[in-house]
Amino acid sequence: MKNRKIAMSMLNRFIIASMVLFPMQYVQASAHAVGTYSRVPDGTGEFIDQEPTKGKLNIVEKEELPQHRVIINEINSSPDDWVEFINLGTGEIDLSGYEIRDNSDDHRWKFAEGTKLPAGELFVVDANTDGQVYDDQTDAYVAGKFAAAIGIGSGDSIRLYDKAGKLLDEYSWTEHASYKGDEALASFGRYPDGTGEFMEFPTSTKGKANIITNPVILNEIQSNDLKGGYDWIELANPTGKVLDISGIVIKDSDDTHQYVIPKGTTIPKNGFLVLTEKMLGFGLGKNDSVRLFEKERLIASTTWKDHTNPTWGLYPDLTGTEYRNTKEATPNERNKFKDVPVVEWPGNGKVVIFDHKPTFLKDSSGLDFFKGQLYAVDNGTGKFWVLDVSKNGELSFAKGFEKGKRVRFQKDAHDVKAAGPDAEGITVDGDGFVYIASERDNNVKDVNFNMILKVDPHKEGNDLVALQQWDLTASLPQVSANMGIEAVEWVSNANVVGKLYDQNTDKVFDATKYPNAISNGVFFVALEDNGHVYAYVLNKDGSSVQIADIDGKIGGAMALDYDTYEKVLWAVADDGYNNRAAKISINGKKNPDIVHVLPPSGVDISSNNEGFAIAEASFTKDGQRPVYRFKDGEKSGSLSIGSIASDYKEGVVDNPGNGGSNNGTVNPTPITPTPGTPKVDQNRINVTSVLTQTSKGSIATAALTEQALAEAIAFVEENPTETTVKIKVEAAANAKTVEMMIPNKSIRALAEARVETLVIESPIATITFDAITLKTIAEAAKADVKISASVVDSGTLSVSGVTKERIADRPIFDFTVTSGDAERSVISKAG
């Protein structure tokens with residue numbers, strides 16, 4: 001204790017002396033020093049924690065950096081092979097003769113003579129880098145590209161040796177790096193660059209610094225609320241987990257206007273956060289900007305002209321790459337735009353998993369449904385499976401497909417070891433032949449090669465060499481290796497002749513103009529890079545003709561499915577665009593009608609779902625039919641099953657084509673979909689009907705589309721003086737009953753919109769629904785809604801004589817509203 005007192009006394013004297021010499025300086029520590037707190041250099045430097053130097057100068061010996069030191073900084077093994085190196089030395093290093101090996105000593109590649117790497121800089125070796133390739137047969141090196149020596153695999157190593165054969169650095173892994181199941185996004189990289197440990201890096205940064213940024217989205221901005229409210233900025237969380245945005249700095253176009261988001265601020269998973277000018281401390285004006293910074297690095301920004309009108313939003317919502325004026329302000333909700341309506345998923349939100357145990361392979365991709373069977377393909381091996389689907393929803397592998405069958409290029413017919421096609425999509429034509437969409441040859445993974453391969457799935461054996469091939473590469477936009485065609489879908493001529501707009505003839509598609517076409521149909525492919533859907537005629541001689549280019553406006557398309565019951569083509573994105581879908585109506589227009597559909601609540605929007613298929617309408621049960629999704633990057637849990645609302649009744653026949661069936665039974669009085677597309681003029685819709693003769697008299701059936709009603713509702717929303725949506729049904733004068741089919745979602749949209757009256761006019765009667773009635777119907781409806789008006793023969797009524805006298809010769813009508821199996825009588829009275 002005595003010694004301790006002496007020491008404290010000496011320390012006190014030292015501090016006093018220090019204060020006399022330097023009265024305005026002091027040291028503040030947040031914890032005990034490991035050594036002592038010392039000024040470096042003595043007297044003038046900052047205090048640091050270092051080894052004690054009692055009575056001696058505070059000298060820190062700096063670690064001398066070597067003049068030459070090169071190490072591995074980043075590795076990419078899928079989809080493209082490349083290795084990034086960094087020079088941590090103080091001088092330029094000559095890499096001539098340095099060698100790269102994978103996990104095999106037979107796979108070697110040397111840097112070309114004269115390869116130099118300056119101090120502190122990065123150097124990337126990719127598939128096309130020239131160097132020297134080791135030939136294990138001659139034990140010599142020959143000139144060649146990196147890809148000729150090394151193909152980096154899913155379970156592999158990269159090793160670096162100097163000229164003398166000394167191992168300098170290495171890294172090994174057991175699976176491709178991936179982020180959210182997508183190998184195209186990720187790499188193995190050091191963080192920080194050059195000094196950190198290797199990690200599965202969420203963003204590959206070929207030739208650039210390895211950085212991690214906050215994924216927060218700048219989603220919507222209000223600079224001029226016409227109702228007098230505050231200006232505001234909406235941030236969004238695109239991930240499936242709570243997102244911490246503490247410390248993010250928000251600025252407008254003036255650097256002096258800034259707001260630092262407080263510590264502990266989070267955004268719920270897939271949620272939003274609105275910050276008003278009251279919170280920010282500054283407002284937004286004309287010709288202004290909003291910028292987000294993380295640690296002084298700009299991570300998001302946008303600029304607008306004049307004022308936002310009504311707001312300025314990211315397009316498409318959450319996933320887009322551009323900003324534009326929105327249709328309406330939607331703080332804390334998804335953005336809405338004028339050109340493409342966005343609707344909720346039309347069906348049950350529940351999704352279940354089929355393969356709880358490993359059932360398929362890891363690279364799951366395309367799906368297709370045809371004649372009661374589900375087709376699924378793996379892009380890593382080119383293998384596909386066929387599963388039988390029962391009406392109760394059970395799935396089992398079809399005979400001969402328990403282990404799948406592998407598709408091979410014609411050139412690889414005699415090379416069983418060839419890697420084969422990168423089979424991303426699958427479809428089946430009316431004759432049962434299978435077509436595979438491949439975006440590259442897995443033997444040459446760094447080159448985009450868009451090809452469709454045709455095989456006979458019923459052929460014996462597990463290896464199927466393509467019967468025919470069509471190379472589409474030259475006719476499509478030039479893209480990187482792994483951003484090519486992701487899906488293919490065959491659609492029967494019955495569903496495209498006179499309906500698909502042909503860009504070559506500038507008219508609707510006429511199959512007779514293409515006499516050499518195969519399969520009695522058109523093939524649609526989806527390009528991941530731009531999200532466009534391209535339609536092709538495939539010819540018998542292996543040539544092809546592109547006849548349409550359709551932009552579904554979803555960013556990146558990964559799957560296609562044509563639903564012959566609803567007569568729409570689905571283009572579906574993966575997690576890159578939050579699993580959003582575009583319903584494309586092939587209706588004879590040069591620019592077809594498009595509706596965006598959000599995924600059901602049971603789908604994790606961060607899932608890398610690359611396959612999508614809707615079951616045939618005859619599989620409808622309780623107003624729902626199955627929808628299948630196939631997730632890439634998972635050994636189990638890859639195939640999920642949801643559902644979509646369906647008004648199918650037993651006896652309806654689907655036209656041949658994928659997504660529908662051609663084996664339904666014929667009913668004498670089917671509910672026939674309306675021919676042609678409803679015509680919309682502002683808030684007025686004209687729709688034609690089909691007349692069917694029954695034992696109860698003639699019935700005229702008409703069907704509205706979500707698109708038509710969405711357009712009419714949009715007009716009412718945009719024009720305050722309009723409060724009515726009017727529908728005119730064109731029907732034969734001798735019709736005894738007129739039936740109008742309205743999608744369930746559209747009824748709900750009418751009830752939620754600023755629509756005070758719905759008027760349905762037909763040759764039989766005009767029916768008017770007020771807002772209260774619309775809301776009542778929307779709440780009661782469990783499926784699509786049918787509104788009927790019938791002429792009733794007064795002779796069939798069981799009424800008293802007095803009532804008959806009152807009726808006299810006046811017409812009697814029966815009005816009903818039905819949804820599914822439940823009927824709600826709305827009007828039933830004398831005319």
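Two strands count as paired here if DSSP finds at least two bridges between them. The model on screen is predicted.

**First stop: β19 and β20.** Select residues 249–251, which form strand β19, together with β20; the two pair in the antiparallel sense over three bridges. Within this pairing, pick I250: its bridge partner in β20 is Y259. Now widen the selection to the open sheet of four strands, ordered β20-β19-β23-β24 with antiparallel pairing. β20 (258–260) and β24 (297–303) stand at the edges with a single partner strand each, so one side of each has no neighbour in the sheet. On average, neighbouring strands of this sheet are turned by 15° against each other, direction ignored.

**Second stop: β34 to β38.** Another open sheet of four strands runs in the order β34-β35-β36-β38, with antiparallel pairing. Select 421–428 for β34 and 468–471 for β38, the edge strands, each of which pairs on one side only. Strand β35 (residues 434–441) runs antiparallel to β34 and is joined to it by six bridges.

Go to strand β7 (residues 108–111) and select R108. Is R108 buried or exposed? R108 is buried, yet has no salt bridge. The nearest side chain of opposite charge belongs to E99, 4.1 Å away, while a salt bridge is counted within 4 Å. A polar atom of the R108 side chain lies 2.6 Å from the backbone oxygen of D105. Leaving aside residues up to four places away in sequence, display the residues that R108 touches: E99, I100, R101, Q132, V133, Y134, Y141 and A149.

Technical notes
Residues numbered from 1 in each chain as written. Predicted model: local features only at pLDDT ≥ 70, side-chain atom pairs only at ≥ 80, totals over all residues. Heavy atoms only, no water. Buried < 20%, exposed > 50% of the residue type's maximum accessible area, 1.4 Å probe, protein only. Lys, Arg positive; Asp, Glu negative; His and termini not counted. Polar contact = N/O pair within 3.5 Å; in protein donor to acceptor, adjacent residues only side chain to side chain. Contact = heavy atoms within 4.5 Å. Axes fitted to C-alpha atoms, helices over the stretch in contact; angles between N-to-C directions.
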